[in-house]
Amino acid sequence: MKRSEINRIMVYARGIMEKHCFYLPAWANWHLSDWKENKGKVSQIMDNMLGWDITDFGSGDFDKRGLFLFTLRNGRPDVDKKTYAEKIMIVKECQETPMHYHWSKMEDIINRGGGNLVIELYNSTPTDGLSDSPVTFRIDGVQHTIPAGGKAILAPGESICIEQKVYHRFYGEPGKGTVLVGEVSMVNDDNLDNRFYESVGRFPLIDEDAEPLHLLVSDYDNLVRK
């Protein structure tokens, strides 16, 4: 992805969040110089990968296959005792987050406002394939069962609990508008706890055609800690 595209997505995302009265912490506004000035105070932010996270999953087409995320809180239980995480995400109509599951993380995905969020679900097989067995899950505590590959559609205010090793992909329902999506989960490790059904790139390779507006979580090691 080009850095200029990432910068534009950040501006767009902030507008969507503010439209829904969702605001980010003060350090979300920092530039590279601010990070360097405060380097000694923000190890937890960098270690736990809090902050801006934008990916096209290696597709080269963010609007078709991509996701905006901002990780607000996250823990490493062996270090800071925090056992939970929270993210805010933005999903456009037909913008796909590809099929994946998590080995360790259970999560609630929440439609915070806007359009409808479509989530396709499969149980996994012992060899990490897609099972043909029905999938049972809960939306706001109410149990549902759908055929393998079936769709759960979340309207604003609704949430789904997705357990470990349940494959899911999601996108905004066509014709319903962009979706502001929340995630509340066990601790999140995007380096080790994502099992994608097909090979994808979780973090983008960046063409530095512009200065970063704000840093991505994947920038901390290269631009702050180096």
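Colleague: How many aromatic pairs does the rule give?

Modeller: The count comes to ten aromatic pairs. Bear in mind that this is a predicted model.

Colleague: Why are Trp30 and Trp35 called an edge-to-face pair?

Modeller: Their ring centres lie 5.0 Å apart, with 75° between the planes. Pairing needs centres within 6.5 Å, and edge-to-face needs planes over 60 degrees apart.

Colleague: What makes Trp35 count as buried?

Modeller: The relative accessible area of Trp35 is 2%. Buried means under 20%, so the label holds.

Colleague: Which strands hold Trp52 and Phe70?

Modeller: Trp52 is in strand S1 and Phe70 in strand S2, which spans residues 67-73. The two residues are 18 apart, and the pair links distant parts of the chain.

Colleague: Are Trp52 and Phe70 buried or exposed?

Modeller: Trp52 has 2% relative accessibility, and Phe70 has 0%. The limit for buried is under 20%, so Trp52 is buried, and so is Phe70.

Colleague: Which residues do ring pairs link into a cluster?

Modeller: Trp27, Trp30, Trp35, Trp52, Phe68, Phe70 and Tyr220.

Colleague: What makes Lys92 a charge over the ring of Tyr12?

Modeller: Lys92 lies over the face of Tyr12, 4.7 Å from the ring centre. Arg202 has its charged end over the ring of Phe203, 4.6 Å from the centre.

Colleague: Why is one side of S9 and of S13 left without a neighbour in the sheet?

Modeller: The open sheet of five strands runs S9-S6-S11-S4-S13, with antiparallel pairing. S9 (151-154) and S13 (194-196) stand at the edges with a single partner strand each, so one side of each has no neighbour there.

Colleague: How do you know that S6 and S9 pair?

Modeller: Four bridges join S6 (residues 117-123) to S9, in the antiparallel sense. Pairing needs at least two bridges, so S6 and S9 count as paired. Ile119 has Ala152 in S9 as its bridge partner.

Colleague: What makes S3 and S12 a pair?

Modeller: Eight bridges join S3 (residues 84-91) to S12 (residues 179-186), and the two run antiparallel. At least two are needed, so the pairing holds. Ile90 stands opposite Leu180 in S12.

Technical notes:
Residues are numbered from 1 along each chain as its sequence is written. This is a predicted model: local features need pLDDT of at least 70, side-chain atom pairs count only at pLDDT 80 or more; totals for chains, interfaces and linings use all residues. Side-chain values use heavy atoms; hydrogens and water are left out. Rings of Phe, Tyr and Trp (its six-membered ring) pair if their centres lie within 6.5 Å; planes under 30 degrees apart count as stacked, over 60 as edge-to-face and the rest as tilted. Buried means under 20% relative accessible area, exposed over 50%, partly exposed in between (1.4 Å probe, protein chains only). A charge sits over a ring if NZ of Lys or CZ of Arg is within 6 Å of the ring centre and within 35 degrees of the ring normal.
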